[in-house]
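Visitor: Could you walk me through how to read a few features here? I'd like the general idea, then the case at hand.

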Amino acid sequence: SDHICNIINRARRCGARVIIPSFAVERTQQLLFKLDQLVHEGCLKPIPTYVDSPLAVRATEIFRLHLEDLREEVRNAVFMRDDPFGFEGLRLVRSVDESKSLNQLKGPAVIISASGMAESGRILHHLRNNVSNGKNIILFVGYCAENTLGWKLREGHKHVSILGDEFKVNAQIETLDSFSGHADHDELLDYYDKITGSKKRVFLVHGESSRRQLLADALTLRDPKTKVLQPERLDMVDL
């Protein structure tokens, strides 16, 4: 909470933009709920905030219609304020023209746009227009697969290609992995331990190769009789 408050307040002081690549479903709503909570608690003053992703906008509206199916913390928030996914200054952007008009914004703003790994979607236009400004902040709130644009920015690449053109990365890059929906190394090992019965084979198919190998080594040490496989694309396995 303190970290995201500091990032946004820093941008506010210098009239900059915070660009947040975010997955449209669940991650964006999780982020909006947290921002709403921080504004309600007084950690954040309201700041112009735009959700610029047609899918994220539709998903947010569905979340609002089904509050009774969400966890108790979210349901309770409805009694404290009208909308747990909305706050002063929030705008859900639908049209392409409105999305383009964000390029002419004056003053500080937060723009949340898909995709989360910055591989496609409206986020590419926002990165293209903001990544070379040293005042701006690019904030990542989730996992980025190797060699995606999001991964290159997170890894500190000084030049990146966006929509066919190369840009110098002057913007400040920040990460907030507390929003990640992925289990980490130790959590996966705990999950493995809780699975009962014979575990003859384990297939590791997700994540960066170096991290997969570390997990494979740890699983082999835990249970030498289990065969740990890392299949490649188009490999065939007889089950």
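Guide: Let's start with angle words: under 35 degrees counts as roughly parallel, over 145 as roughly antiparallel, 65 to 115 as roughly perpendicular and the rest as oblique. The axes are lines fitted to C-alpha atoms, for helices over the stretch in contact, and angles run from 0 to 180 degrees between N-to-C directions. Before the case itself, note that this is a predicted model, where local features need pLDDT of at least 70, side-chain atom pairs count only at pLDDT 80 or more, and totals for chains, interfaces and linings use all residues. Residues are numbered from 1 along each chain as its sequence is written, and side-chain values use heavy atoms, with hydrogens and water left out.

Visitor: How do α1 and α2 pack, and which residues make the contact?

Guide: Two packed helices are described by the angle between their axes and the distance between the axes. Helices (H or I, at least four residues) and strands (E, at least two) are DSSP runs, numbered from the N terminus. Here α1 (residues 2-13) meets α2 (residues 27-41) at about 80°, the axes being 11 Å apart, so the two are roughly perpendicular. I4, C5 and I8 of α1 touch L31, L35 and L38 of α2 (contact means heavy atoms within 4.5 Å).

Visitor: Which way do the side chains of β4 point?

Guide: In a regular strand the side chains alternate between the two faces of the sheet. A109, I111 and S113 of β4 point one way, V110 and I112 the other, and all are buried (buried means under 20% relative accessible area, exposed over 50%, partly exposed in between, with a 1.4 Å probe and protein chains only). Five of the five residues of β4 (residues 109-113) are buried, so the strand is largely enclosed by the rest of the structure.

Visitor: Which strands pair with β4?

Guide: Strands pair if DSSP finds at least two bridges between them. β1 runs parallel to β4 with five bridges, and R17 sits opposite A109. β2 (residues 49-52) is also parallel to β4, over four bridges, with D52 opposite S113.

Visitor: What else does D52 do, and how many salt bridges are there?

Guide: A salt bridge is a side-chain nitrogen of Lys or Arg within 4 Å of a carboxyl oxygen of Asp or Glu; the count is six. D52 meets R122 in one of them, at 2.6 Å, N to O. D52 lies in β2 and R122 in the loop between β4 and α6 (123-130), so the pair ties together parts 70 residues apart in sequence. Both D52 and R122 are buried.
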